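Welcome! Take a moment to look over the sequence and turn the model around before reading on. The report below will walk you through it one part at a time.

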Amino acid sequence: MSSQAWGSEQYVMGRFKSFYSTGAARVDPPTELKRREFGFLSFGGKSMFRHIGFDDTPELRKYMQDYSPAHSYFSAAYYEDPRAPMSSKGWLGADLVFDIDADHFDLPCQKVHDRWMCRTCGREGMGHPPDLCPGCGKSTYVEENWLCEECLNAAKYEAQKLLDILIRDLGFSPSNELSVNFSGNRGYHVHVRSPSVKDLNQMSRRELVDYILGLGLEVEFQGFTSRPVGGGSTLQESGWRMRSAQAIYDLVSDLDEGSASSLNMGKKAFQKLLEDRDAILEVLMESHPSGVLRYVSKKTLDALMEAAVGRQASAIDTVVTTDLRRLIRLPNTLHGKTGWLTQNVPIDDLPDYDPLVASIAFKEGTVRIYIRRTPEISVAGEAYGPFEEEEVELPMAVAMFILCRKAGRVAR
Amino acid sequence: MGMISEREAAKYPFLGDAVKLVDVLNLTLEDLSDPSHAAVLDRAEDRVSRAIIRGEADAQLSDTITELLSFPVSNMYVMVLGEDFLKRRYALSEAVRASGILLEENDDRIAKMGRVEFDWTLRLVREHMDGRQFSFELYFKDYLRNASAFREPKWKLVNRLVRDGYVLLTRPEAVRLLQEEIQRKIARFVAKSQKINLPEPLQERADRLSKLLDENRSRLTGGELPKKVLMEAIPPCINYALEGLMAGRRAGHMERFALTSFLINAGMEIDDIVKMFISVTDFDEEFTRYQIEHIAGLRGSRTRYTPPTCATLRTHGVCHNPDRLCEHVKHPLSYYRIKVRDHEREEAERQERQQ
């Protein structure tokens, strides 16, 4: 059976078209619609239809109804003439955008639901494929990636940390300047729309990325000065002074014998650390952080910081934010790899937001599909599968998800 | 008029009001050629010489009118000489001069400079932290516009106190950032190149400056790169990317771009780059060649791309195995240039010994 049959593309296209016949009315136009470039990927299409512009919202929605694309994007950038070729569009500025994708993380659940196979020698494994195949040393793989509540929660957590930095450190207004979207697959997008970021150049955006990642953080600038200086605990201060102290505090609190392997320090240093743990925590809580250097060397502190910074940083994608002409998913449009919606989430609702309930687009009906292989899938609180080489009748949302991932086809 | 004193204008001749003050005097080139203005022409020549030789001009404020008038004249010398790197060096030299004077001013004067001349969103504060005194809070956008080009860790946003969008600064730090703004402003003053017929007194000084520039040129601009790529000289990041390519490791966009743009700028022939790529991947030759030619500036927007800076490569996880030399450079091509120079020196010594 050729791989073209997997995914029953015609069927999925039909469902998308049917969805957009009414769903197009709910597609959310971005601000300054006339200044944005749009891009769309059709089913089975290799390249994007780009340099598309719309004069008003009805025009955009009609396009969605007529073409029902697999993937729909708009530019973070604003252009004089979005329909012109790249070099003559006339860049006017861009929103600041962030992408958090669980696929980039290292999560234990990936060892359960993600699978790789080496294209050259056929060697298989679970989780992320290794840099070089242990069988043949090559590096080209076929991957089957799924998602679960754990991945989605991990992505949400990173999004929440990002929002905290954007609001508390950078002063953006959550009600006016920030918006959060579930990506429709395995993550979240955060958009910052503000005159203070619109004309930020690429270097400035890169510097913001580094800030959010905690990249280049040096402890002596966070209050861990080599000489004792006056001042109090930084745990109640702001920015990275607070975060770095908090991160070290949490890391040191959680230390046990097993932590040694994940830290970049010698056995002696580690043992001493365990012995002095309570004293260090007390310094962090009560006094200026420079006091910590009475108990640990700068080298040890650097190693701790290296391990701890990720707890406070947000694991954003570095390329998306620094790309001045990025295309990002349009809210309330369908994601062709899942059948879910890219969906705007009010910031206050984010903690309780469950994409596996809220972003379902295909709510009605069931369909019988033949499944090649899936892990356990959870949708709207119900678990399905795992399935392997079997025919099952499933609710439309679950079936569409499996078809969009090309792991099944409509049964005859 | 009377909004700015002559002394104030002499200190900071790039201020909008200082320029207006000079305009009001309505001097022509002929006027300036008069012997009574010889001091102005000499000081203008002196400012440009200092830029060439030292990269740093001084402040001579005892004769404020001469100091003030010498600025537009030195600008003109720079424009007439027409060379880009001199323009950059001159702008820097004058900016360093201005920041030296600014450092002696009070906080209000510094704040006024930022707000009025450069539209800074700035707050005056008095805060003591880690044994240091902080006097300003600058909105992050203004901070980044000026500091994101700096390399030292203390300037990275992550190493600063950022609160509600504002970055805490000491006086010297605020002045250093103003220096960047001033440098950009002065660069705009001399951006045009003008081939004008100068009266004799100005032309003779311009000729002297031209000669001085020639004498110092090679010291200032750094050398050419060899035509064939010297493999022993390539930086660790590029080496890692190259090895990954050979092993068929799937590289991210930034890594591929860094590798390709480095090889192009290091002088590798496009055909050789294409051959290398397609021998190890299943990339389509036509598409690969198209992409490489695009980076080389032969297609599309016809911009020839240089590889990203070390800082950018670090952000995107492309920096690998940095060595001692990496600590001293900010750009993979700088690394390459230095290693090539070392290699050439060694080669020359070896050949001498064999003779």
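## Before we start

This is a predicted model, in which local features need pLDDT of at least 70 and side-chain atom pairs count only at pLDDT 80 or more, while totals for chains, interfaces and linings use all residues. Residues are numbered from 1 along each chain as its sequence is written, and chains are lettered from A and ligands numbered from 1 in the order in which they are written.

## Chain A as a whole

Let us begin with chain A, which has 13 helices and 19 strands. Here helices (H or I, at least four residues) and strands (E, at least two) are DSSP runs, numbered from the N terminus.

Of the 412 residues in chain A, 42% are buried. A residue is buried if 20 or more other C-beta atoms lie within 10 Å of its own, exposed if 12 or fewer, and partly exposed in between, with C-beta atoms placed from the backbone. Among the contacts in chain A with a separation of 6 or more, 67% come from residues 24 or more positions apart. Two residues are in contact if their C-beta atoms, placed from the backbone, lie within 7 Å.

## A sheet and a helix pair in chain A

Try to find the open sheet of four strands in chain A, with the order 2-1-3-12 and antiparallel pairing. Two strands pair if DSSP finds at least two bridges between them. Strand 2 (49-52) and strand 12 (327-329) of chain A are the edge strands, each pairing on one side only. From one strand to the next, the twist averages 30°. Within this chain, strand 1 (residues 38-41) and strand 3 (residues 71-75) of chain A run antiparallel and are joined by four bridges, and A:Phe38 stands opposite A:Phe74 in strand 3 of chain A.

Now for two helices: the axes of helix 7 and helix 10 (residues 298-312) of chain A come within 8 Å and cross at roughly 110°. Helix 7 of chain A is therefore roughly perpendicular to helix 10 of chain A; angles under 35 degrees count as roughly parallel, over 145 as roughly antiparallel, 65 to 115 as roughly perpendicular and the rest as oblique. Axes are lines fitted to C-alpha atoms, for helices over the stretch in contact, and angles run from 0 to 180 degrees between N-to-C directions. The residues of this helix contact divide into eight nonpolar, three polar and three charged. Ala, Val, Leu, Ile, Met, Phe, Trp, Tyr, Cys and Pro count as nonpolar, Asp, Glu, Lys and Arg as charged, and the others, Gly among them, as polar.

## Chain B

Chain B has 16 helices and four strands, and buried residues make up 36% of its 355 residues. Its domains are domain 1 (6-101 + 191-221), domain 2 (103-185) and domain 3 (231-354).

Chain B also has an open sheet of four strands, in the order 1-2-4-3 with antiparallel pairing. Its edge strands are strand 1 (122-129) and strand 3 (162-163) of chain B. Helix 7 (residues 107-118) of chain B lies across strand 1 and strand 2 (132-139) of chain B, at about 135° to strand 1.

## Where the chains meet

The contact takes 36 residues from chain A and 32 residues from chain B. On the side of chain A, helix 6 (202-213), helix 7 (239-254) and helix 11 (318-322) each give two or more residues, and helix 6 of chain A gives the most, with seven residues.

## Backbone details

Most residues other than glycine have a negative phi, and most peptide bonds are trans. A cis peptide bond joins A:Gly385 and A:Pro386, with omega about 5°. A:His51, in strand 2 of chain A, has a positive phi near 55°. B:Asn321 also has a positive phi, of about 50°, and is exposed, with 10 other C-beta atoms within 10 Å.

Technical notes
Domains from an automatic or database assignment.
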